[in-house]
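Colleague: I should be grateful for a guided introduction to the structure shown below.

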Amino acid sequence: MSTKLFDRKNILVTGGAGFIGSHLCDALVKTANVICVDNFSTGSESNIDHLLQNPAFEFINHDIVQPLDLLAFRELERFQLRLQGIQEIYHLACPISRRYFEEFKIATVLANSVGMKNVLDMAVANQASLLYASSSVLYGARKPEQAFVAETDPCTIDHLTPHGAYDEGKRFSEAILATYADVYKLDAKIARIFRTYGPRMKVDDGNLLPDMVNAALDGRDIEINAGEDGRIGLCYVSDIVDGLIKHMNSPIDVTVINLGSDDDVLLSSLADKIIRLTSAVSRVRFEPSVGPLFEAPLPNIDKARQVLHWLPLVRLDDGLKRMIEYARSHRQQIGFGSR
Amino acid sequence: MPDQPIFDKKNILVTGGAGFIGSHLCESLLKEGRVICLDNFVTSEESNIDHLLKNPDFEFIRHDVNLPFDPEQFPELARFKVKFQGIQEIYHLACPTSPKKFDQYKMQTLYANSLGMKNALDLAVRFKARMVFTSTSTVYGNRPADGHFFTEDEIGCQDILSPRACYDEGKRFAESSCATYRQVHGVDVRIARIFRTYGPRMPLYDGQMIPDFITSALDNKDLEIYGDETFRTSLVFVRDVVDGLIKMMHGSEDIGPVNLGSDVDLPIVEVARRIIEMTGSSSKITFKPPLVFLTQLGLPDLVKAKEKLGWLPLITLDAGLKQTIDFTVANKSLLGLRSLG
């Protein structure tokens, strides 16, 4: 909505208790009312605990695969949904777990079809702007001749692999969004998010960075399963959140945008940094990889730069420091909370 | 449920059974089992199955596959003893296909490829039924510039956000759903990628070209091609496709997706000329702007279908066109009426 009729926008965030979602809620709640929907399939209550007392924040425990009628929730009355409706929807809900991927396969298929449909139906009913958190997996693996991928590059992936539920699911979600935008003239946007790191990232879930940080804090060796020249692009979560909000507020003709860091970091130097920042006694150990190596492409972020005036700003050292601080202070809880 | 039915006849569910391919499939399947035909007539016709309604082994149920289907709730299926015997085979064809009214059915196309697919797969899980899903050659993307034939392991490249995405990407997602249900629930589901098909009962005046060519030729009107002289396509006769689908159902397990189509590349102008010749018509050929949903498709590599299923298209273009023309002549007054509706 371009004209400001209300003091605060009503914003719905699905998957709001997840890693990125909870940081997004943190940012949005400063100026808007935030309705956070999550079913904790891979999100965590501890991510939003600190928001629950905030009068501009309300949490609804709900699986987005089931239709959601927000008017039925008495706790949302203070947001005056009947009168004001919902102005913006950030749709992040989708199970994401490296370690428990198998367990969530069908849920992933459903989130990327029925869930997507339910959220878009809400956007249509409210004439809300919608931003869908898509993924860099659409671009497939990094090509030797081309490290960077732009929004207009073809997305070629095998949709019948054991990972098809997620990879093809994300593609189909984009297709659903495009169809709805076309048929109902929605302001619908797609952010293709590249590898993101920061506090509240799941530990014990096969995620590279938390595993490295934990190893360092334990004084264990840091294992790298990608050879000595393995590389990675890493964007700090607050930068991604900033990009998502800028994208939501961009003109209607802006649809797909890459958000991520285009800075290639050697895994070995990343490990060295973590060891230095934690003052750990750990060493870096290179292990042969299990299965084929997957190196993700880097985003071409020219479009985000030009259209959103967005750039990743947080330096890797600073981001890592914050992540390490968080890991230190939450280690016990995290250890307790992880499955 | 044992793999080999202990019953006199299998129960076979065909979704989209009143459609062009579906109705021919129902006809063939009645030779080997009882057929429950589901359709909601979005882009299909009741007249396609009229001749089957009297067959005691055939039952039609008007139902939208996007809604869950419980066969036990239908008293008309009592004689198929579904409660006791279950369902042994599912052919899942239901999905709107209409080049001309493509825009009108976009949302339903999305739903068919997600909700409909899920409902069909859930039925397969529930009844431990074997399943064939009819996918499409468009999962490979556009006709390749280098003219190579699509093999089943080609990953495919297409625009996720194109105006056709609800169909093209939808079918890819439906295939992924099949793969995921196989991985998680062990559903024995086979994927047929069907290339451009023609034959009797193809909808008229819907941009499908062949049926319109024939009616126009019979009326001595111009034959309209959506595109120009360079428009090329392969064409497989519907009975060949039906034969391929049944072979897939009976084939050995887990051979992955299989192409069903013709690998003979034809300029559409030649097909139009042949129809004019065969009908002894005085029509001429004119060219119209291309339709979004009617693209020059690529061609299938048929090695897998041949080696794994012993399948090849057998019906020649002339023989197929003759049957289609004969059907059109026999049903012309009826078809004309239908097109007005």
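Modeller: Two residues are in contact if their C-beta atoms, placed from the backbone, lie within 7 Å. Helices (H or I, at least four residues) and strands (E, at least two) are DSSP runs, numbered from the N terminus. This is a predicted model, in which local features need pLDDT of at least 70, side-chain atom pairs count only at pLDDT 80 or more, and totals for chains, interfaces and linings use all residues. Residues are numbered from 1 along each chain as its sequence is written, while chains are lettered from A and ligands numbered from 1 in the order in which they are written.

Colleague: How far apart are the end C-alpha atoms of α6(B)?

Modeller: The expected span is 1.5 Å times one less than the number of residues. Helix α6(B), residues 238-250, has 13 residues and should therefore span 18 Å. The computed distance agrees with this: 19 Å.

Colleague: How many residues of α6(B) are buried?

Modeller: A residue is buried if 20 or more other C-beta atoms lie within 10 Å of its own, exposed if 12 or fewer, and partly exposed in between. Among the buried residues of α6(B) are V238(B), L245(B) and M249(B). The helix is mostly covered, and of its 13 residues the buried ones number eleven.

Colleague: Which residue of β5(B) stands opposite H92(B)?

Modeller: Strand β4(B), residues 89-92, is covered on both faces, with H92(B) and I90(B) buried on one side and E89(B) and Y91(B) on the other. Four bridges join β4(B) to β5(B), and the two run parallel. Opposite H92(B) stands F133(B).

Colleague: Which helix gives the most to the side of chain A that touches chain B?

Modeller: In the interface, 26 residues of chain A are in contact with 24 residues of chain B. On the chain A side, α3 (105-126) and α4 (164-184) each supply at least two residues. The most, 13 residues, come from α4(A).

Definitions and conventions
Two strands pair if DSSP finds at least two bridges between them.
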